[in-house]
Amino acid sequence: MWQGDGYWLVRFVFQRGLALLYLLAFLVAAHQFRPLAGEDGLLPLERYVDGVSFWDRPSLFYVVPSDRAIGIAAWTGVVLSALALVGVPYWLPVGFATPVSMALWAALWALYLSFVNAGQTFYGYGWESMLCETGFLAIFLGAGSVAPPFVVILLLQWVLFRNMFGAGLIKLRGDDCWRDLTAMDYHYETQPIPNPVSWFAHRLPDRFHRMETFGNHILELLIPFCYFAPQPVSALAGLATIGFQGWLLVTGNFAWLNALTIVLAIPTFSDGVLAAALPVSAPATAPTPLYLEVLAVILAAIVVVLSVRPVRNMLSESQLMNTSFDPLSLVNTYGAFGSITRDRYEIVVEGTDDEKLTPETEWRSYRFRGKPTDPERRPSQIAPYHLRLDWQLWFAAMSPTPRRSPWFPRFLAKLLEADEETLALLAEDPFDGEPPTRVRAVRYRYRYTTSEERSESGRWWARERVGTYVQPVSLEELRGRQRRSG
């Protein structure tokens with residue numbers, strides 16, 4: 001009963017999809033981790049080392065807290081992901097394929113866990129722990145001509161179930177707009193990073209928004225129970241999930257959350273279903289090695305024990321979303337958008353090279369890669385790439401002051417220093433690499449333009465200023481404030 005004879009092709013496709021996401025995640029780490037959470041990052045690495053114990057949040061960077069180690073780990077992850085993507089273990093003789101595959105996937109998991117555990121706020125997203133959990137299970141799938149252990153296929157379906165069902169429960173328990181079916185009236189406009197289709201989705205009729213909100217409940221609360229049903233019911237449930245996540249990909253930028261959920265839906269299929277849909281077929285398989293079967297059973301027992309707290313949380317009235325209950329992120333709880341913001345706030349960061357401030361001072365805006373700073377700029381398609389600074393700015397804008405975003409003053413200091421790595425996170429530096437004399441942050445309320453407004457002005461957004469997030473400040477003044485505060 002533990003043999004996955006009908007899942008060789010499922011494993012092959014699943015591993016390729018997961019390897020591609022690992023490759024993307026390590027590329028993001030290679031380009032963004034150091035300016036965000038490295039030695040001299042917005043949340044310096046020593047803050048992580050000093051703030052937790054290794055056993056609470058284990059990471060390679062706790063042992064070697066250096067930018068050099070970060071770079072080596074990130075690019076090693078890129079290379080290993082590429083090897084997994086092209087299926088190197090499948091090239092090896094049958095006796096070596098599975099051990100090499102296990103070592104490869106274990107290295108990917110350990111390396112990425114190091115980034116997640118040391119990344120602090122900038123890595124505090126549900127798809128990070130989900131990638132770690134999924135990546136750990138992938139270690140035990142085997143490779144080559146051997147059949148995968150069927151129990152690991154079931155464990156992957158269990159991750160998908162908790163992802164979807166947890167998201168559905170937290171919505172029902174959370175904001176009233178999910179229960180009165182008005183959530184989608186606001187979602188497309190207020191989501192963290194809208195994409196080019198978001199404006200059009202927002203302008204769809206109210207009746208459509210009611211239907212898609214109701215459909216969201218069906219897909220997240222009922223369909224997940226069908227993942228464990230016999231074929232073809234399981235495959236139909238997986239197909240519905242893929243369609244749902246595809247719509248979210250088309251209408252928003254949620255990093256690799258939707259893509260990872262699609263990859264996790266692959267184990268709801270069987271080889272017969274995939275062979276009927278794709279121009280491929282599975283080869284004859286060898287029996288699963290005894291040692292891999294034993295390890296898979298031990299793994300299942302561990303997951304069952306570690307699932308107790310996530311399940312209790314999922315069923316609790318005070319449900320937490322996107323939480324890990326163990327330091328290795330082996331079994332986690334998920335959920336998203338339990339509350340929906342009705343208004344979109346944005347922080348616009350501006351600088352000037354004027355020596356003295358006057359009413360005529362010219363302020364120039366820094367432009368971010370994903371955030372709608374310029375009302376005339378078409379929203380960008382970013383996902384499945386992850387813009388971590390842009391996401392955190394969305395959270396920061398919810399508050400009228402940076403009190404809840406301790407990294408923000410340091411971000412302003414980096415702009416005043418014209419720090420190259422920080423500026424590389426932006427889409428445009430209005431000072432072409434030169435340091436401004438002062439910067440400030442202004443808070444705006446944004447809304448989508450109406451069809452008539454967009455036809456007349458070409459603008460995607462209308463905005464009004466609602467306050468000053470940070471008053472104009474020079475580098476010397478900012479450093480003085482930081483010394484006084486601590």
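This is a predicted model: local features need pLDDT of at least 70, side-chain atom pairs count only at pLDDT 80 or more; totals for chains, interfaces and linings use all residues.

Visitor: What makes α7 oblique to α11?

Guide: Helix α7 (residues 150-173) and helix α11 (residues 206-221) pack at about 135°, with axes 7 Å apart. Angles under 35 degrees count as roughly parallel, over 145 as roughly antiparallel, 65 to 115 as roughly perpendicular and the rest as oblique, so α7 ends up oblique to α11. The axes are lines fitted to C-alpha atoms, for helices over the stretch in contact, and the angles run from 0 to 180 degrees between N-to-C directions. Helices themselves are DSSP runs (H or I, at least four residues), as are strands (E, at least two), numbered from the N terminus.

Visitor: Which residues of α7 and α11 meet?

Guide: From α7 they include Met164, Phe165 and Leu172, and from α11 they include His217, Leu219 and Leu221; contact means heavy atoms within 4.5 Å. By class, the contact of α7 with α11 has seven nonpolar, three polar and two charged residues. Here Ala, Val, Leu, Ile, Met, Phe, Trp, Tyr, Cys and Pro count as nonpolar, Asp, Glu, Lys and Arg as charged, and the others, Gly among them, as polar.

Visitor: And how do α4 and α5 cross?

Guide: The axes of helix α4 (residues 67-85) and helix α5 (residues 94-118) come within 10 Å and cross at roughly 145°. Their contact divides into 12 nonpolar, three polar and no charged residues.

Visitor: How do you know that α17 is largely enclosed by the rest of the structure?

Guide: Eight of the nine residues of helix α17 (residues 388-396) pass, so α17 is largely enclosed by the rest of the structure. Among them are Arg388, Asp390, Trp391 and Trp394. Helix α1 gets the label too, because 24 of its 30 residues are buried.

Visitor: Where is the kink in α1?

Guide: At His31, in helix α1 (residues 8-37), shortly before the proline Pro35, and it is about 45°. The bend at a residue is the angle between axes fitted to the seven residues ending there and the seven starting there.

Visitor: Why is Ser329 called buried?

Guide: Its relative accessibility is 3%, so Ser329 counts as buried. Ser329 sits in the loop between β1 (323-324) and β2 (332-333), and has a positive phi of about 55° although it is not a glycine. Ala418 also has a positive phi of about 55° without being a glycine; at 11% relative accessibility, Ala418 counts as buried.

Visitor: What about Pro44, buried or exposed?

Guide: At 15% relative accessibility, Pro44 counts as buried. Pro44 and Trp407 are 363 residues apart in sequence and 9.3 Å apart in space, C-alpha to C-alpha.

Technical notes
Residues are numbered from 1 along each chain as its sequence is written. Side-chain values use heavy atoms; hydrogens and water are left out. Buried means under 20% relative accessible area, exposed over 50%, partly exposed in between (1.4 Å probe, protein chains only).
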